[in-house]
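Please examine the sequence and the three-dimensional structure shown below. The paragraphs that follow lead through them step by step.

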Amino acid sequence: MSPLDRIANVSILKQHEVDKLYKVENRPTSSTSDQFCFLVRPRIKTMKYIADIINADKMAGRSRKYKIIFSPQKFYACEMVLEEEGVFGDVSCDEWSFYLLPLDDDIISMELPEFFRDYFLEGDHRWINCVARALQLLNSLYGPFSKAYGIGRCAKMSYELWRDLEEESESDSQGRKPEIGNIFLMDRDTDYVTALCSQVVYEGLVDDTFRIKCGSVDFGPDVTSSDKSIKVLLNSQDKVFSQIRNEHFSSVFGFLSQKSRNLQAQYDRRRGMDIKQMKNFVSQELKGLKQEHRLLSLHIGACESIMKKKTKQDFQEMIKTEHSLLEGFDIRESTSFIEEHIDRQVSPIESLRLMCLLSITENGLIPKDYRSLKTQYLQSYGPEHLLTFHNLKRIGLLTEQSPGETLTAVESKVSKLVTDRAAGKITDAFNSLARKSNFRGISKKLGLIPRVDGEYDLKMPRDMAYVFSGAYIPLSCKIIEQVLERKSWLGLEEVLRLLNGNEFSVTESAGEDSPAWESQRIILTVFLGGCTFSEIAALRFLGKEKGYKFIFLTTAITNSARMMEAMIETKA
Amino acid sequence: MLTIHCGQNHLKESKRAVNSLRDIVDDDDDDLEKVSWSGDPVGSISWSIKETASSSTSSLESRDSSLQKGYSSYSAFPKQASSYSLSSLFKGEGSCSAWFQLMKSSPVGGRTVIHVAEGLKGEEQVGSWGLVQPGDLPHHPYTIFYLLCLQVCSLERFRSLQDKLVLLDEAVAGHDGNIITAVKILFQELEVRQVALCHLIHFLKETSEQKLLLDLLRFLDRTEEVALSQYREHLNIQDVEKRREFLKGCIGLPFSAEDTSHVQDHYTLLERQIIIEANDRHLETAGQSEIFRKYPRKASILNMPLVTTLFYSCFYHYTEAEGTFSSPTNLKKTFKIPDKQYVLTALAARAKLRAWNDVDALFTTKNWLGYTKKKAPIGFHRVVEILQRNNAPVQVLQEYVRLVEDVETQLNLATKYKCHDVVIDTYRDLKDRIQLAAYRCKVERGSAEEEKIDSILNNTQIRWKN
């Protein structure tokens with residue numbers, strides 16, 4: 001499903017005299033319409049496709065009207081390409097300032113998956129303006145945020161740009177009562193580890209297995225146990241899904257079976273009903289029950305399919321390896337597990353993911369391992385992945401330990417001495433020297449690996465670690481928890497140093513009386529570069545425990561596979 | 001995670017329950033519509049977001065010319081070397097007027113520029129976050145250039161950057177030290193402004209301005225990136241012969257030592273694949289070779305990874321002498337494939353053909369006294385798993401189950417794959433009477449296995465531990 005589907009589906013568009021819909025692709029159209037409207041993201045490639053279509057028309061002597069609507073913004077680069085291709089005069093351009101797509105009651109997506117690669121790999125700031133405008137929009141709808149926290153360079157830039165936009169627009173939001181008390185911005189590179197872990201809460205698992213697109217999933221024949229696929233909208237409206245989405249996968253079975261027993265009981269009630277009761281039953285309850293029945297069988301089908309796929313993949317062993325990596329035990333054993341995974345050509349994406357997890361948790365691979373794993377990877381999945389490894393190194397997801405850690409010591413000393421901006425410059429200057437993850441140290445300081453006495457009860461979780469089977473508290477969520485608790489970054493200095501800093505906290509409504517308590521409970525968490533369903537589940541849990549209400553704004557929903565795929569070079 | 005196993009029963013149970021309801025609930029599809037949004041079959045909306053992030057670099061067609069090393073010279077560029085001065089590089093009239101236009105036509109455009117500029121507040125302070133007044137611009141030559149680089153995208157004056165690169169080429173070619181320095185300063189200004197530089201590089205990648213990109217990277221001394229950017233071009237070359245030629249040209253590029261050997265291997269691999277493909281296609285169409293008749297090829301071997309090629313070679317050319325390019329041993333030697341990898345792949349291929357003798361030979365080693373012994377560079381539990389996936393008969397399977405070192409794993413595998421003999425022997429060796437007795441009901445009644453269990457249980461010689 002695409003964002004447009006969520007706003008105006010095909011039938012609505014047809015009502016507005018749209019003749020046909022096409023995907024903008026690298027091939028000529030066969031349409032006979034005399035007007036074309038391109039609704040596009042501002043991408044260079046798309047511009048070239050459009051130019052090709054127009055130029056093909058020109059060659060064929062056909063004249064049409066062309067309109068390009070850029071969403072959310074028009075980039076000058078796009079116009080330039082149109083100009084270069086000689087079609088600039090043939091098109092009229094427009095912008096559709098579409099920044100926010102609510103996927104659910106508490107999730108807003110900007111649907112910009114390319115943000116991750118563009119910013120974190122290419123160092124391109126083009127989307128920051130969009131983030132700032134999205135914030136401006138939210139601000140105009142819900143009043144000013146009274147307190148802002150953030151961590152990461154992009155978070156800082158987005159926040160500052162947004163503040164500038166606010167100042168300039170002179171809107172009268174000042175007098176408004178804030179409905180969202182707090183805002184927390186975070187760069188994805190603050191915590192790659194969490195995004196790289198296999199997801200085991202239901203919604204995350206569904207995303208990892210079937211790919212949720214724009215809040216909807218395509219359940220194939222293996223789930224529906226028929227010969228057709230069904231598109232299902234996954235959100236809080238789905239009565240079954242809303243109850244299992246945040247649960248650990250192992251508790252989902254129990255829930256579903258309980259639910260189906262209840263359903264059975266409700267159907268059974270109709271025995272021994274008289275005509276009138278039966279009439280009531282049919283008119284009032286039956287529809288709901290049928291709906292529930294259908295949802296139940298879909299989710300049971302999905303669970304079965306997930307189980308089938310996961311058992312085939314040695315999921316158990318993989319999870320065990322991930323946990324060892326997170327805890328820092330049996331590194332050799334984990335390394336050879338990954339090696340074998342590669343040798344057996346199990347999955348190129350999963351192999352990459354495991355290597356990255358090993359690298360980040362270990363602060364880079366030791367040179368010998370790096371070389372050998374890379375060679376085997378190229379042999380198993382193709383030599384062109386040379387480029388993938390280069391990208392991963394640049395972004396800092398898969399690095400080689402430098403011989404001798406002296407450099408690191410110098411680096412951290414330097415960054416302690418000089419100002420923030422200068423440090424940033426230094427980091428930038430050594431673009432290839434991607435930042436160190438220091439995961440082990442951070443994990444220790446924040447207690448990310450819960451000490452377990454006996455078995456971790458996944459049905460009655462006691463902390464956010466349940467989203468990873470009790471083995472690991474997601475770093476991103478832990479940071480948010482800590483800062484909200486302290487209402488500042490005070491006391492987290494050591495962690496910040498290991499995280500490479502770039503934190504901020506700003507109190508906006510200084511002069512006003514204490515803002516309404518209700519709004520103070522609401523926290524808008526902004527993930528720059530994507531957030532995972534596991535993180536959402538963890539923060540929902542935290543919200544329930546501490547009485548917060550989290551609203552998620554993300555550039556896109558992400559998971560490990562999407563992140564890895566973004567690093568792979570493809571042909572033009 | 002152990003809970004998942006117990007959970008499965010729940011799942012089955014709930015599935016049964018739900019299925020049993022099926023006859024009560026008749027299927028009407030209008031409810032379905034509510035749950036599932038579905039457009040019309042045409043469905044696909046013109047701009048659906050691609051799941052993977054954009055990676056729209058590199059050109060549409062192959063540009064073999066980009067392999068040319070060094071700076072190429074542009075004869076078209078007018079030579080007027082004497083009038084070159086630093087400021088004249090910047091004060092192109094066009095640049096300024098374009099800026100004025102930009103500022104007038106869309107204030108938003110100006111802002112975009114400025115916010116980018118924040119990351120690189122140098123001593124010039126390109127207006128911090130505020131809107132730069134058009135009038136401010138032309139005063140400082142550098143300013144124009146920053147803005148140019150930031151918004152190369154926005155200005156058709158981008159040309160002028162290209163001109164500058166050309167100028168650099170010219171300068172280098174003309175050994176005019178003065179100009180080289182002048183242009184260099186310009187680039188250095190860009191270099192310290194990393195964000196602008198990133199934008200420029202990304203933009204060049206996106207617009208497939210390969211030549212310009214390479215020149216810039218060369219100037220910045222990012223030699224490895226130069227090599228990788230050139231190597232990247234091979235992805236756009238469809239024709240295998242052309243691709244092979246291109247890769248050959250890549251070998252000399254300034255990769256790291258490690259990557260040089262990978263690129264060399266890439267070239268060699270494709271070269272081999274082309275030979276193998278031609279031979280095998282011929283064999284297949286001729287219909288003479290039994291293996292190709294029995295197992296027709298599903299796809300060509302061209303551009304496949306090395307391990308896939310090895311599998312293919314173990315499948316179709318297993319017995320060939322080392323001298324032929326298509327033989328597994330030749331591949332193993334040429335590409336220095338580690339034992340472990342080789343054995344895994346050969347095992348998978350031979351097991352798929354159910355060539356159990358070959359499998360046997362793969363693990364058999366002879367010592368100097370002539371005794372044979374089974375050895376594997378991978379765990380025997382993996383061997384068992386691969387064999388089982390290829391439906392190996394129990395006789396074959398149990399031989400390898402016996403070789404699994406860890407007793408517990410061995411027992412688990414034996415039980416899972418019904419290698420009764422192994423299970424029985426293991427319990428006997430463990431002197432575990434209770435388990436053995438319990439296992440008795442898992443074997444067929446009146447079978448040889450049952451008899452065996454009985455005879456062991458009745459054996460008074462054994463000192464049971466329970």
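Across all chains of this predicted model, a search of the whole structure finds 63 salt bridges. Side chains of opposite charge can pair when their charged atoms come close. In chain A, one such pair consists of A:Asp104 and A:Arg245, whose side chains meet with an N to O distance of 2.8 Å. The pair links distant parts of the chain, 141 residues apart: A:Asp104 sits in the loop between strand 4 (101-102) and strand 5 (107-109), while A:Arg245 sits in the loop between helix 11 (241-244) and helix 12 (249-268). Both A:Asp104 and A:Arg245 are buried.

B:Glu284 forms a salt bridge with B:Arg297, and their closest N and O atoms are 3.3 Å apart. Because B:Glu284 belongs to helix 13 (residues 257-286) and B:Arg297 to the loop between helix 14 (290-294) and helix 15 (306-316), this pair ties together parts that are 13 residues apart in sequence. With a relative accessibility of 25%, B:Glu284 counts as partly exposed, whereas B:Arg297, at 15%, counts as buried, since the limit for a buried residue is under 20%. Another salt bridge joins B:Asp339 and B:Lys332, with the closest N and O atoms 3.0 Å apart. Here B:Asp339 is partly exposed at 45% relative accessibility, and B:Lys332 is partly exposed at 24%.

The residues linked in it are A:Asp314, A:Glu317, A:Glu340 and A:Arg344 from chain A, together with B:Arg382, B:Glu385 and B:Arg389 from chain B.

A:Glu485 lies in helix 22 (residues 475-486) and is partly exposed, with a relative accessible area of 48%. Apart from its neighbours within four places in sequence, A:Glu485 is in contact with A:Lys546 and A:Tyr548. A:Glu485 and A:Glu400 are 85 residues apart in sequence, and their C-alpha atoms are 37 Å apart in space. A:Gly328 is found in the loop between helix 14 (315-327) and helix 15 (331-343), and counts as partly exposed at 27% relative accessibility. A:Gly328 and A:Thr361 are 33 residues apart in sequence, with a C-alpha to C-alpha distance of 7.5 Å.

Chain A has 26 helices and 12 strands, and its C-alpha trace spans about 85 × 75 × 65 Å along its principal axes. Its radius of gyration of 26 Å agrees with the value near 25 Å that a compact globule of 572 residues would have. Of the residues of chain A, 60% count as buried. Among its contacts between residues at least 6 apart in sequence, 76% join residues at least 24 apart. Chain B has 24 helices and two strands, and buried residues make up 49% of its 466 residues. For contacts in chain B with a separation of 6 or more, residues 24 or more positions apart account for 54%.

Note on methods
Residues numbered from 1 in each chain as written. Chains lettered and ligands numbered in written order. Predicted model: local features only at pLDDT ≥ 70, side-chain atom pairs only at ≥ 80, totals over all residues. Heavy atoms only, no water. Helix = DSSP H or I, 4+ residues; strand = E, 2+ residues; numbered from the N terminus. Rg over C-alpha atoms; globule rule 2.2 N^0.38 Å. Buried < 20%, exposed > 50% of the residue type's maximum accessible area, 1.4 Å probe, protein only. Contact = heavy atoms within 4.5 Å. Salt bridge = Lys/Arg side-chain N within 4 Å of Asp/Glu carboxyl O.
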